[in-house]
Amino acid sequence: MFYFWTTDFCYKEEIRGASRDCCDEGNRQYPCVPGKGYHGRGPIQISWNYNYSPADRSIAFNGLNAPETVANDATISFKTAFWFWMENVHSVITSNQGFGRTIRKINSGKCNGGNSGAVQARIRYFRDYCNQLGVAPGNNLSC
């Protein structure tokens, strides 16, 4: 499912990248480093200082001081994707909640009118994958 969040694996960094401020200045536990950007990077495109630092602690890279590592090191990139999935998505997904819950957990800003085109594209990709694998996509596909 990582495919949905990277636009066909074409981008290892968020398209808007540095123009998007993803620093929670009020977060004292994971303070932003001046001059560093915490925009989306990697297969699931983790973003925000409060994600980079915990991922760093879990998989041992310098998340707050060198967030660009996620875009520049393929191993770290996929480790952050797996970390994010296991920490933030996997534990809250149940079979009756459907694919829509996955979209909401990874990118809630796309839901509730945030970007309906992106949501519909993710649903089309998901249905296509399910079709290729010969499995039913189930219910609750949209967030």
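Against which helices do the buried residues of H4 pack? In this predicted model, the buried residues of H4 pack against H3 and H5.

**Helix H4 and its partner H5**

Helix H4 covers residues 98-107, and helix H5 covers residues 116-133. The buried residues of H4 are Gly98, Phe99, Gly100, Thr102, Ile103 and Ile106. The axes of H4 and H5 come within 11 Å of each other and cross at roughly 130°. Angles of 65 to 115 degrees count as roughly perpendicular and those over 145 as roughly antiparallel, and H4 and H5 are therefore oblique to each other. Their crossing is right-handed. On the H4 side, the contact is made by Phe99, Ile103 and Asn107; H5 contributes Val119, Arg122, Ile123 and Phe126. Two of the H4 contact residues, Phe99 and Ile103, are also listed among the buried residues of that helix.

**Helix H1 and helix H3**

The axes of H1 and H3 come within 10 Å and cross at roughly 105°. That angle makes H1 roughly perpendicular to H3. From H1, the residues making the contact are Asn51, Pro54, Ala55, Ser58 and Ile59. From H3, they are Ile76, Lys79, Thr80, Trp83, Phe84 and Asn88.

| Helix pair | Axes come within | Crossing angle |
|---|---|---|
| H4 and H5 | 11 Å | roughly 130° |
| H1 and H3 | 10 Å | roughly 105° |

**Nonpolar cores**

The largest nonpolar core holds 20 residues, of which Tyr38, Ile44, Tyr52, Phe61, Phe84 and Ile106 touch the most other members. A second, separate core has 8 residues, including Ile103, Cys111, Val119 and Leu141.

**Asparagine 27**

Asparagine 27 lies in the segment before H1. Its relative accessibility is 15%, and because buried means under 20%, asparagine 27 counts as buried. The side chain of asparagine 27 reaches the backbone nitrogen of glutamine 29 at 3.1 Å. When its neighbours within four places in sequence are left aside, asparagine 27 is in contact with Asn49 and Tyr50.

Notes: Residues numbered from 1 in each chain as written. Predicted model: local features only at pLDDT ≥ 70, side-chain atom pairs only at ≥ 80, totals over all residues. Heavy atoms only, no water. Core = buried A, V, L, I, M, F, W, Y, C linked by side-chain atoms within 4.5 Å. Buried < 20%, exposed > 50% of the residue type's maximum accessible area, 1.4 Å probe, protein only. Helix = DSSP H or I, 4+ residues; strand = E, 2+ residues; numbered from the N terminus. Polar contact = N/O pair within 3.5 Å; in protein donor to acceptor, adjacent residues only side chain to side chain. Contact = heavy atoms within 4.5 Å. Axes fitted to C-alpha atoms, helices over the stretch in contact; angles between N-to-C directions. Parallel < 35°, antiparallel > 145°, perpendicular 65-115°, else oblique. Left-handed = near helix turned anticlockwise from the far one by under 90°.
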